[in-house]
Amino acid sequence: MACFIVPAAEAVITTIVAKSMKSGEKSNKNSNIKFDGNNLEAAEKIPFSKKLGWLNKLLWGGSVLLAFEHVWHGEVVPYFPFLTAANDPADMAEMLHEMSTVGVTMAVLVTGIWLGMVAVSHMIEKRASKTTTAKN
């Protein structure tokens, strides 16, 4: 009924954090890995704010798709109170239960996948850094 609200709330928070981190970074270097044939020439680290942007995109995309699915099934309507479950206290309890179980699980799963992405990118950056350091 309203499970998309939890990842959307996390997306709002991470968007604010990413924006503040991006403004605080000294330089916005993107990942810049250059190859000359089969040899690695240069590698730069990806700023954490950009990595946090990956999480934002995952969360916002999933939230929009879930919201569309709920609109499609008539659980979200374009008039107050917007959530059909908010009209009845029994439905409200069911909605809050769904948010606390399904919504939190989805947000944790997406964040876990993002952590895996960050770990893989860190390993790639570390390997590229060692390769360029060994060449110089």
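Guide: Start with Lys 51. Setting aside neighbours within four places in sequence, Lys 51 is in contact with Ile 46, Trp 114, Val 118, Ser 121 and Glu 125. This is a predicted model, so read every value as computed from it. Lys 51 sits in helix H2. Its relative accessible area is 6%, under the 20% cut-off, so Lys 51 counts as buried.

One of those contacts carries a charge pairing. Lys 51 forms a salt bridge with Glu 125, and the closest N and O atoms are 3.4 Å apart. The pair ties together parts that are 74 residues apart in sequence, because Lys 51 lies in helix H2 and Glu 125 in helix H3. Glu 125 is buried too, with a relative accessible area of 8%. The count of salt bridges comes to one.

H2 covers residues 48-72, which makes 25 residues. At 1.5 Å a residue H2 should span 36 Å, and its end C-alpha atoms are 36 Å apart, so expectation and model agree. The expected figure uses one less than the number of residues.

Which residues of H2 are buried? Besides Lys 51, they are Ser 49, Leu 52, Gly 53, Leu 55, Asn 56, Leu 59, Ser 63, Ala 67 and His 70. An α-helix has 3.6 residues a turn, so residues three or four places apart point the same way.

Two packed helices are described by the angle between their axes and the distance between the axes. For H1 (residues 5-24) and H2, the axes come within 9 Å and cross at roughly 155°. That angle is over 145, so H1 and H2 are roughly antiparallel to each other. Their crossing is left-handed. On the H2 side, the contact is made by Phe 48, Ser 49, Leu 52, Leu 55, Asn 56, Leu 59, Trp 60 and Ser 63. On the H1 side, the contact residues include Pro 7, Ala 8, Ala 11, Val 12, Thr 15, Ala 18 and Lys 22.

Follow the chain out of H2. Just after this helix, Gly 74 takes a positive phi of about 80°. Further on, the peptide bond from Phe 80 to Pro 81 is cis, with omega near 5°. Pro 81 lies in the loop between H2 and helix H3, which runs over 89-135. Phe 82 is in the loop between H2 and H3 as well. Phe 82 has a positive phi of about 70°, although it is not a glycine. Most residues other than glycine have a negative phi, and most peptide bonds are trans. Is Phe 82 buried, partly exposed or exposed? At 43% relative accessibility, Phe 82 counts as partly exposed.

Last, the setting. The chain has three helices and two strands. Read along the sequence, their order is α-β-β-α-α. Of the 136 residues of the chain, 29% count as buried. Contacts can also be sorted by separation. Among those between residues at least 6 apart in sequence, 72% join residues at least 24 apart.

Conventions:
Residues are numbered from 1 along each chain as its sequence is written. This is a predicted model: local features need pLDDT of at least 70, side-chain atom pairs count only at pLDDT 80 or more; totals for chains, interfaces and linings use all residues. Side-chain values use heavy atoms; hydrogens and water are left out. Helices (H or I, at least four residues) and strands (E, at least two) are DSSP runs, numbered from the N terminus. Buried means under 20% relative accessible area, exposed over 50%, partly exposed in between (1.4 Å probe, protein chains only). A salt bridge is a side-chain nitrogen of Lys or Arg within 4 Å of a carboxyl oxygen of Asp or Glu. Axes are lines fitted to C-alpha atoms, for helices over the stretch in contact, and angles run from 0 to 180 degrees between N-to-C directions. Angles under 35 degrees count as roughly parallel, over 145 as roughly antiparallel, 65 to 115 as roughly perpendicular and the rest as oblique. A crossing is left-handed if the near helix is turned anticlockwise from the far one by less than a right angle, and right-handed if clockwise. Contact means heavy atoms within 4.5 Å.
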